[in-house]
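Biologist: I'd like to go through this one with you and ask where the labels come from. Can you put it up on the screen?

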Amino acid sequence: MKFIASFAVGACVFAAVPALAAETVSYASYGGAYQEGVRKAILDHLPKDHDMQVTEYTLQSGIADVRTKVKGGANDLDVAELYGGYCQQAADEGLLEKLDYSKIPNAAGIPEHLRNDYWIGFTAYSTVLAYNTDVYKDNPPQNWRDFFDTEKFPGTRALSGYSGQSNLEIALLADGVERDKIYPLDVDRAFGKLEKLKPDVAVFWTSGSQATQLATSQEVDMLSIWAARIEAAIKEGAPYAYTINDAIMDVECLVVPKGSPNPQGAMKLVNHLLDPNYQANLPDYIPYGPMNQDAFKSGKITPEKAAKIVTSVENIKKQLVTNAAYWAEHATALQERWDAFKQ
């Protein structure tokens, strides 16, 4: 998840560009350190490399911003970035232009199941199992089944409190469901598993910073947490480790909102954002990519660095990728049930 997820719509940041750039294209994302990283890794290179000026916007509420602009007939966004489930939801609502893959050759490096008619994977973040090494020493938990086994692995737990997304998948993996059988979710089974663990859940965290603090303060012995956040805690000296086995990966997608002021430029920008040489720069600034698997062949990413990147060729094989279409269809009903479960 992004470092900062709420900003005022329309707040612009202009990338440094020559005065007479040949083409202007707009790009909207979630701001903060994440968008700054994308800027440094990719956008700052475009004026010189492609004579493209990029006007940046930050989003306050993602799909709601896109919906308002498109339905109001006042869309000023060429390319926007949305969380995976919302990309499919935006497509289902008719808010997006169809991608022209003939103008996006860099899409070839994106895993096939993350290439849609209306959206394409860009970066990703993963929810992993982290644990206190001082507590579990030479017998650490290896997977979500161990996370739920409070007899073999006693101690306090923490889970994300945002929604059932990731938590329901985690519960089913803990209950023995194979990754390729997770969807459609057996919701009753998942909540049944979570109910058994609930007495041992000390905290349902509601922000990435809170999750990091739970580790740095050693407030819980084991927790689900975004990989970037537990890495930050470890760098601060927290005695924690984590496993990517059966991590839950959520994909950030690029979309072109309907009524794009520069649809041809939008396709070019999508292609540039997916350029493996640019994507290989992302790990120097943010821990959420790259999604283009060709970036790992660029020579810019060392094997040691790749081992820590959730989207690397080897690590992506170990994870469950969230089914965006499923969550787009069921998010509202499952959110209501999740809110009731936490009470």
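Modeller: Let's start with cysteine 253, which is buried, with a relative accessible area of 1%. Before you ask, this is a predicted model, where local features need pLDDT of at least 70 and side-chain atom pairs count only at pLDDT 80 or more, while totals for chains, interfaces and linings use all residues. Residues are numbered from 1 along each chain as its sequence is written, and side-chain values use heavy atoms, with hydrogens and water left out.

Biologist: What makes cysteine 253 "buried"?

Modeller: The cut-off: buried means under 20% relative accessible area, exposed over 50%, and partly exposed in between, with a 1.4 Å probe and protein chains only. Cysteine 253 has 1%, so it counts as buried. Cysteine 87 is at 0%, so that one is buried too.

Biologist: How do you know whether cysteine 87 is in a disulfide or in none?

Modeller: A disulfide here is a pair of cysteine sulfur atoms within 2.5 Å. The cysteine sulfur nearest to that of cysteine 87 belongs to cysteine 253, 3.3 Å away, so cysteine 87 is in no disulfide. Searching the whole structure turns up zero disulfides.

Biologist: Why is helix H4 called mostly covered?

Modeller: Helices (H or I, at least four residues) and strands (E, at least two) are DSSP runs, numbered from the N terminus. H4 spans residues 84-92, and seven of its nine residues are buried; among them are Cys87, Gln88 and Gln89. Its cover includes helix H3 (63-71), strand E4 (79-83), E9 and helix H15 (324-342).

Biologist: What makes something a "nonpolar core"?

Modeller: It's a set of buried Ala, Val, Leu, Ile, Met, Phe, Trp, Tyr and Cys residues joined through side-chain atoms within 4.5 Å. The largest has 78 residues, and Tyr27, Val38, Phe122, Ile230, Leu269 and Leu273 have the most contacts inside it. Strand E9 (residues 240-255) gives the largest share, nine residues. A second, separate core of 33 residues includes Tyr136, Phe147, Ile170 and Phe341.

Biologist: Which residues does leucine 269 contact?

Modeller: Contact means heavy atoms within 4.5 Å. Skipping neighbours within four places in sequence, the partners of leucine 269 include Val25, Tyr27, Leu43 and Met52.

Biologist: And why is valine 128 called buried?

Modeller: Its relative accessibility is 0%, so it counts as buried. Valine 128 is in strand E5 (residues 120-132), and, leaving out residues up to four places away in sequence, it touches Trp144, Ile230 and Tyr242, among others.
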